[in-house]
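Biologist: I would like to learn how to read a protein model. Can we go through it feature by feature?

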Amino acid sequence: MIEVRQLSKAYGGKPVVENVSLQIGKGKITSFIGPNGAGKSTLLSMISRITAKDAGEVYIDGKEIGQCKSTDLAKQISILKQSNHINVRLTVRELVSFGRFPYSQGKLTPEDWKHVDEAIQYMELGDMQHKYLDQLSGGQNQRAYIAMVIAQNTEYVLLDEPLNNLDMRHSVQIMKVLRRLVDELGKTVVIVIHDINFASCYSDYIVALKNGKVVKEGPTDQIIESAVLREVYDMDIPIETINGNKICVYFS
């Protein structure tokens with residue numbers, strides 16, 4: 001379990017995340033939703049220790065992350081940030097193999113390559129695994145980076161807007177893959193996501209943030225409610241139930 005206690009972060013004296021406490025249960029997809037500037041990405045970054053916190057504590061399986069060695073933490077938590085940019089010219093396969101670095105330190109074993117192959121297969125990248133990243137579309141690039149995170153084979157997988165640059169087909173593919181990581185492999189997935197309908201259809205638990213604070217958190221059914229969404233987004237969002245999923249009709 002990930003436990004966040006009174007986490008805060010400010011930039012230039014302006015609070016971005018303010019006194020946030022929450023628990024992220026194992027074996028679930030937890031989505032952070034909310035408007036731009038709600039603090040979702042900053043919160044995710046602090047949980048993974050990429051961004052230093054100003055105050056508060058983050059515990060992973062009972063241990064405060066500040067006490068963890070970087071190599072040990074990288075075997076527990078993998079994170080994909082919004083902006084992915086590597087200056088070295090790499091093939092898809094080479095990029096995905098980077099996910100094994102916490103284990104291999106650059107000297108990949110047959111076991112490491114097995115994880116690389118499985119991740120490439122998971123993301124349907126087999127036919128382009130030897131292409132260079134600069135030869136791919138934005139969506140293909142995004143899938144390659146997600147494959148790298150999958151190859152890292154951590155219990156906790158953190159993704160900051162993983163559907164960026166993806167068309168509908170590949171957005172659905174990513175969410176189905178994340179669902180499989182949870183349902184078949186027992187992973188714990190935490191995502192920052194803008195599309196509340198993807199959050200509604202694929203999440204087990206939702207944390208709704210606004211102005212750096214948690215407005216409400218709970219099982220998906222409890223958060224995808226008109227009253228809650230009005231408080232989060234300052235707009236009335238009708239909700240329809242289609243095939244058992246709550247769909248937000250926010251474009252009408």
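Biologist: What is the radius of gyration of the chain, and what would a compact globule have?

Modeller: The radius of gyration is taken over C-alpha atoms, and the globule rule is 2.2 Å times the number of residues to the power 0.38. For 252 residues the rule gives a value near 18 Å; the chain has 18 Å, so the two agree. Its C-alpha atoms fill a box of roughly 50 × 45 × 35 Å along the principal axes. This is a predicted model: local features need pLDDT of at least 70, side-chain atom pairs count only at pLDDT 80 or more, and totals for chains, interfaces and linings use all residues. Residues are numbered from 1 along each chain as its sequence is written, and side-chain values use heavy atoms, leaving out hydrogens and water.

Biologist: How many helices and strands are in the chain?

Modeller: Both are DSSP runs, numbered from the N terminus: helices are H or I with at least four residues, strands E with at least two. The chain has 10 helices and 12 strands.

Biologist: What share of the residues is buried?

Modeller: Buried means under 20% relative accessible area, exposed means over 50%, and partly exposed lies in between (1.4 Å probe, protein chains only). Here 51% of the 252 residues are buried.

Biologist: Which residues of helix α10 are buried?

Modeller: In α10 (residues 226–233) they are Val228, Leu229, Val232 and Tyr233. They cover an arc of only 110° around the axis, so they sit on the same side of α10. Just after α10, Asp234 takes a positive phi of about 55°.

Biologist: How many aromatic pairs does a search of the whole structure find?

Modeller: Rings of Phe, Tyr and Trp (its six-membered ring) pair if their centres lie within 6.5 Å; planes under 30 degrees apart count as stacked, over 60 as edge-to-face and the rest as tilted. The search finds 2 pairs. Phe198 and Tyr202 have ring centres 6.3 Å apart and planes at 25°, so they are stacked. Both lie in helix α8 (residues 196–202), 4 residues apart, about one turn. Phe198 is buried at 16% relative accessible area, and Tyr202 is buried at 16%. Tyr250 and Phe251 pair edge-to-face, 5.9 Å centre to centre with 75° between the planes. Tyr250 is partly exposed at 35%, while Phe251 is exposed at 65%.

Biologist: Which residue lies over the face of Tyr132?

Modeller: A charge sits over a ring if NZ of Lys or CZ of Arg is within 6 Å of the ring centre and within 35 degrees of the ring normal. Arg89 lies over Tyr132, at 3.9 Å from the ring centre. Arg180 lies over the face of Tyr122, at 4.1 Å.

Notes:
The arc is that of the directions from the helix axis to the C-beta atoms.
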